Amino acid sequence: MTSSTTSGGLARFNALEEHAAYAALHEACASAAWVNRLLARRPYATTDDLFAESDAATAGLTDTDLDEAMAGHPPIGRPKPGDPTSSREQRGMAGASEELKAEMLELNLAYQEKFGHVFLICATGRTGEQMRDAVRERIGNAPGQEREIVRTELGKINRIRLARLVEEDAPA
């Protein structure tokens, strides 16, 4: 969702009390640095402004901040129980065969052992096979290259989650 004027959802977000806005943003991204930067720039005139600030904040995350953000994401194929966001985002794995789920678990563990963090991918709209193929491909990356891919994927995830946050009918 992009707009040149403040939508009802964006106006509602802009009007949230600081603690409620912090909690809503922290649900989108677990990095306190990212959350604090977005909070500091409120109110936003447009969703484009919000997205641009999110992109800038994501680009500016330190390694520690990026680790904190990744810690908020469950492994692919194992969404957080009771968390509709991770379940919705990982929907492509929901109908996967037991064989594919077992392979993803194995690949996730190998990836985590190599890089020290979860395999992060913008899973929205991807099939289980596409996510498996991505982890297979990315496990061969150098650590620095992989961190930049993770940063890009995190930026995509943050935008999707922010769009849901400022939808017209989204609850605060």
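## The nonpolar core

The largest nonpolar core has 43 residues; Phe 13, Leu 25, Trp 34, Leu 38, Leu 50, Ile 76 and Leu 162 are those with the most contacts inside it. A nonpolar core is a set of buried Ala, Val, Leu, Ile, Met, Phe, Trp, Tyr and Cys residues joined through side-chain atoms within 4.5 Å. Two or more residues each come from α1 (8–15), α2 (18–28), α3 (32–40), α4, α5, α8, α9 (128–138) and α10 (143–165). Helix α10 gives the largest share of this core, six residues. In soluble globular proteins, nonpolar side chains tend to be buried together.

Leu 162 is in contact (heavy atoms within 4.5 Å) with Leu 25, Trp 34, Leu 38, Leu 50, Phe 51 and Ser 54, leaving aside its neighbours within four places in sequence.

## Basis of the model

This is a predicted model, in which local features need pLDDT of at least 70 and side-chain atom pairs count only at pLDDT 80 or more, while totals for chains, interfaces and linings use all residues. Residues are numbered from 1 along each chain as its sequence is written, and side-chain values use heavy atoms, with hydrogens and water left out.

## Overall make-up

The protein has ten helices and zero strands, so its elements run α-α-α-α-α-α-α-α-α-α from the N terminus on, where helices (H or I, at least four residues) and strands (E, at least two) are DSSP runs numbered from the N terminus. Of the 172 residues, 47% count as buried. Buried means under 20% relative accessible area, exposed over 50%, and partly exposed in between, with a 1.4 Å probe and protein chains only.

Among contacts with a separation of 6 or more, 70% join residues 24 or more positions apart. The protein exposes about 8500 Å², and carbon and sulfur atoms supply 52% of it; accessible areas come from the Shrake-Rupley method with a 1.4 Å probe, and for residues only the protein chains shown count as cover.

## Aromatic rings

A search of the whole structure finds two aromatic pairs. Rings of Phe, Tyr and Trp (its six-membered ring) pair if their centres lie within 6.5 Å; planes under 30 degrees apart count as stacked, over 60 as edge-to-face and the rest as tilted. Tyr 111 and Phe 115 form a tilted pair, 4.6 Å centre to centre with 50° between the planes. Both lie in helix α8 (residues 98–115), four residues apart, about one turn of the helix, and both are buried. The rings of Tyr 111 and Phe 119 have centres 5.2 Å apart and planes at 80°, so this pair is edge-to-face.

Tyr 111 is buried at a relative accessible area of 0%, and Phe 119 is buried at 2%.

## A charge over a ring

The charged end of Arg 42 sits over the ring of Phe 13, 5.5 Å from its centre. The criterion is that NZ of Lys or CZ of Arg is within 6 Å of the ring centre and within 35 degrees of the ring normal.

## Cysteines and a loop glycine

The whole structure has zero disulfides, a disulfide being a pair of cysteine sulfur atoms within 2.5 Å. Cys 29 is buried, with a relative accessible area of 1%, and Cys 122 counts as buried at 9%.

Gly 60 is in the loop between α4 (47–59) and α5 (63–71). With 49% relative accessibility, Gly 60 counts as partly exposed. Gly 60 and Trp 34 are 26 residues apart in sequence and 8.5 Å apart in space, C-alpha to C-alpha.
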